[in-house]
Amino acid sequence: MSFLPVKSLMRLKCVSKSWNTLISDPRFVPLHLLRSQRNRNLLLTYGDFGLVSLPISRLVDNTSLTLSSHQLKSDECHHVIGSCNGLICLFYRTRSTIEFKNAWFRIWNPATGTMSDRLGSFHKSRSKFTPKTLGYTFAYDISTSNYKIVAFGYRFIKVFCFNRNVWREIQSLPDKMVIVDYLQYKKGVSLNGTLFWLAFLNEFPYNDWRDTFSLVRYLIISLDLATETRRELLPPPVFDEVSDVVHPSISVLMNCLCFFYNFKGTHFVVWHMTQFGVKESWTQLFKISFEKGHFLCDFFSQLSLYPLYISENGATLILGSNRECEPIIYNSRDNKVERTRIINEIDWRCYVGYVESLAPIT
């Protein structure tokens with residue numbers, strides 16, 4: 001039974017009391033989740049408050065797809081913050097005629113159709129930071145089996161713990177350090193109980209950098225969810241000047257931390273860290289040339305690519321782009337790029353990894 005999809009299991013619970021007891025057993029949920037990890041999906045947004053679930057396997061095969069869609073109510077979701085163990089964290093904020101004031105979160109399991117009440121509600125304070133100007137990450141603390149929402153701004157990091165139902169400010173960032181994810185309203189990434197954001201060091205104080213700023217170097221900030229301590233990691237030492245790197249970002253692929261960027265408008269480069277925290281373990285996975293007709297964009301310096309998936313053998317890379325409407329499949333064995341056959345109007349930049357599960361929302 002642990003190999004069956006959630007929809008089938010929900011039907012089987014009605015067959016008999018013994019089956020209902022088995023499927024509802026707390027020990028069955030993690031076993032089913034373990035099996036589900038083999039059938040990963042991408043959860044993407046389209047239109048107003050619409051979500052689609054896209055199986056990775058069918059995207060790799062590049063077959064015609066009928067996407068499974070979910071339509072949310074306007075008071076349930078404004079943004080998708082992230083996904084953990086089959087649960088989706090939704091964010092909503094209210095707005096007056098002038099500014100954003102209140103915000104809250106909901107936890108949703110699309111497979112079982114259950115959704116929580118409002119969680120982590122907060123209001124605009126006297127601080128210059130509002131719900132609109134914060135970045136958020138949804139993560140799972142393995143050490144305590146507890147879900148957390150991490151909010152980050154220009155100089156601070158706050159954590160909302162579900163079991164405590166309270167916000168706490170845990171970290172202040174050093175002077176002149178700016179989180180790139182904060183500037184670009186990205187979510188950060190999670191790997192094995194640790195969160196990561198891309199940041200840079202800025203020579204000028206906060207009030208000056210919007211007009212002119214000089215980047216000293218990039219850093220990767222990590223936050224251990226168990227100890228709630230922060231550390232800094234160095235990205236791959238592959239460039240001498242920051243101007244060589246365009247649209248840098250990080251992700252988790254093949255269960256490793258990855259760093260990717262557009263290099264001088266000529267190549268798209270992906271690195272991964274094979275040993276966590278060891279800078280010497282950075283290994284280059286892909287270096288794809290823009291100049292061999294792979295991409296239709298005429299302005300390669302403005303082309304922003306982001307990896308959605310890497311196959312287990314490392315031969316196939318699926319990419320999203322700010323310039324093309326559908327994902328791109330790159331095969332490293334023959335150095336060829338293939339367009340997919342998905343024409344839905346989907347925002348491929350706003351995606352989260354997702355697997356079906358029976359996980360409860362509380």
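In what order do the four strands of the open sheet follow one another? The views below come from a predicted model, in which local features need pLDDT of at least 70 and side-chain atom pairs count only at pLDDT 80 or more, while totals for chains, interfaces and linings use all residues. Residues are numbered from 1 along each chain as its sequence is written, and side-chain values use heavy atoms, with hydrogens and water left out.

**View A. The open sheet.** The order is β18-β19-β20-β21, with antiparallel pairing; strands are DSSP runs of E with at least two residues, numbered from the N terminus, and two of them pair if DSSP finds at least two bridges between them. β18 (245–253) and β21 (282–289) are the edge strands, each pairing on one side only.

**View B. Strands β20 and β21.** Strand β20 (residues 267–273) runs antiparallel to β21 and is joined to it by seven bridges; M273 has W282 in β21 as its bridge partner.

**View C. The salt bridges of E228.** A salt bridge here is a side-chain nitrogen of Lys or Arg within 4 Å of a carboxyl oxygen of Asp or Glu. K148 and E228 meet in such a bridge at 3.1 Å, N to O, and because K148 lies in strand β10 (residues 146–152) and E228 in the loop between β16 (215–224) and β17 (229–233), the pair ties together parts that are 80 residues apart in sequence. Both residues are buried, that is, under 20% relative accessible area, where exposed means over 50% and partly exposed lies in between (1.4 Å probe, protein chains only). E228 also forms a salt bridge with R168, with the closest N and O atoms 2.7 Å apart. D141, K148, R168 and E228 are linked in a network of salt bridges.
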